Amino acid sequence: MKVLITGGAGFIGSHVAEHFIKQQHDVYVVDNLSSGYRANIPFIDDDHFFHTDIRNYDEIESIIQTHQFDIIIHLAAVVSVVDTVENPEESNDVNISALVHLLELCRKHLSHLKKFIFASSAAVYGNETTLPKSINSHIQPESPYAIQKYSSEQYVKLYHTLYHLPTTSLRFFNVYGPKQDPQSQYSGVLSIMKNCFDHDKTFTFFGDGEQTRDFVYVKDIVQAVQVVLKQQASDGQVYNVGTSQPTSLLAIYKTFVSLYQKEIPVAFADPRDGDVKHSYADIEPLKQLGFLNRYTLQEGLDEYLKFEMNH
Ligand code: NAD
Ligand code: UD1
């Protein structure tokens, strides 16, 4: 089948692309390399890589018309919450307008489309304290990023209701794994902690380290994509993707100590403004479709470390 992955040169996209390549699909990537890297997807040749922005509407239309994809996985986005706070208008163009354009192109040109998957985020729940976060929990977007993800989800759903496009949104919780970029202070905390262990740098806990998150290994994200692809019942639906296990930063730190067999210096600073204390996902609806977490945190971290050592 022909698969298009927008944002396919990024952290999650590169794993999704590799998975489809291994399954012998014909995989194409659209990416402007604003936060991704061409080197993340050496298995995609130049004929299958479009180095372009999803806002280049004419070019995107021509790609879609020409290639007649069966599956589209839409991951391209302004992913940094801070960037969306600094540039609400531009990030709105990327995170909402370009998505609506893509959906329109599917409606116009891809009558046989089998699935359109959109990457949403646990950010839509904001600081609402009910646990676990379920699809029926209160939504409390607290950044342009969260608003953009939530309204995109609604468009994605509406294109199913109004135009019968086979769409599904996945709310990813805290994803970690190989190729996650640790460079920004707002990168995923596990990539930052790993980077500190690799270079014997001080890791700073914002707050007491007792905060918990639902850390999900990137290959389980790939599995969630695979599960909803196979299930027509997922059309028009939104699912959480996590492990339904909360883990504290201190517990993660201890796991790193045992995996690296060393300690690193740590510091404690004030909690980040608006930081969520606890978060984990209710993933029952996804499990009912056949999803099962394959990676415990220990197994995911173990594979993450081994991968980076070998590359
Ligand atoms: P990433 O930054 O590694 O990947 C995003 C990719 O999109 C990059 O390769 C980037 O170059 C590309 N991109 C950005 N703007 C583009 C544009 N205008 N045109 C074309 N390409 C563009 O981030 P990621 O962690 O792999 O995130 C993938 C998706 O998952 C995003 O939609 C993100 O919001 C969502 N998500 C990620 C997490 C997480 O924990 N990593 C959690 C929730 C949701
Ligand atoms: C995640 C998203 C964020 C979104 C939020 C909404 C990622 C990378 N971030 O943030 O975009 O707005 O969900 O729910 O997915 N921490 C430290 N030291 C560090 C870095 C982080 O102690 O050096 C702490 C943070 O203060 C936080 C926890 O680690 O308490 C997790 O941080 P992070 O990985 O940024 O994820 P979220 O805060 O869940």
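How many bridges join strand β4 to strand β5, and in which direction do the two strands run?

1. The model is a predicted one, and the points below should be read with that in mind. Strand β4, residues 71–74, is joined to strand β5, residues 115–121, by four bridges, and the two strands run parallel. Within this pairing, Ile73 has Ile117 of β5 as its bridge partner.

2. The pairing belongs to an open sheet of seven strands, in which the order is β3-β2-β1-β4-β5-β6-β11 and the pairing is parallel. Strands β3 (49–50) and β11 (237–241) stand at the edges, and because each has a single partner strand, one side of each is left without a neighbour in the sheet.

3. Helix α1, made of residues 11–22, lies across β1 (2–6), β2 (26–30), β4 and β6 (167–172), and it runs at about 170 degrees to β1. Helix α2, made of residues 57–67, packs on the sheet as well, where it touches β1, β2, β3 and β4, and its direction makes about 175 degrees with that of β2.

4. Helix α6, which spans residues 189–199, is largely enclosed by the rest of the structure, because eight of its eleven residues are buried. The buried residues are Leu190, Ser191, Ile192, Met193, Lys194, Asn195, Cys196 and Phe197, and they pack against β7 (174–176), β8 (203–206), β10 (215–217), α8 (249–260) and α10 (297–310). After α6 comes Asp200, which has a positive phi, near 50 degrees.

5. Asn195, a residue of helix α6, deserves a separate remark. Its relative accessibility is 17%, and it therefore counts as buried, the cut-off for that class being under 20% relative accessible area. When its neighbours within four places in sequence are left aside, Asn195 is in contact with Pro182 and Lys201.

6. Leu158 lies in helix α5, which covers residues 144–163, and because its relative accessibility is 40%, Leu158 counts as partly exposed. In general, an α-helix has 3.6 residues a turn, so residues three or four places apart point the same way.

Notes: Residues are numbered from 1 along each chain as its sequence is written. Chains are lettered from A and ligands numbered from 1 in the order in which they are written. This is a predicted model: local features need pLDDT of at least 70, side-chain atom pairs count only at pLDDT 80 or more; totals for chains, interfaces and linings use all residues. Side-chain values use heavy atoms; hydrogens and water are left out. Buried means under 20% relative accessible area, exposed over 50%, partly exposed in between (1.4 Å probe, protein chains only). Two strands pair if DSSP finds at least two bridges between them. Contact means heavy atoms within 4.5 Å. Axes are lines fitted to C-alpha atoms, for helices over the stretch in contact, and angles run from 0 to 180 degrees between N-to-C directions.
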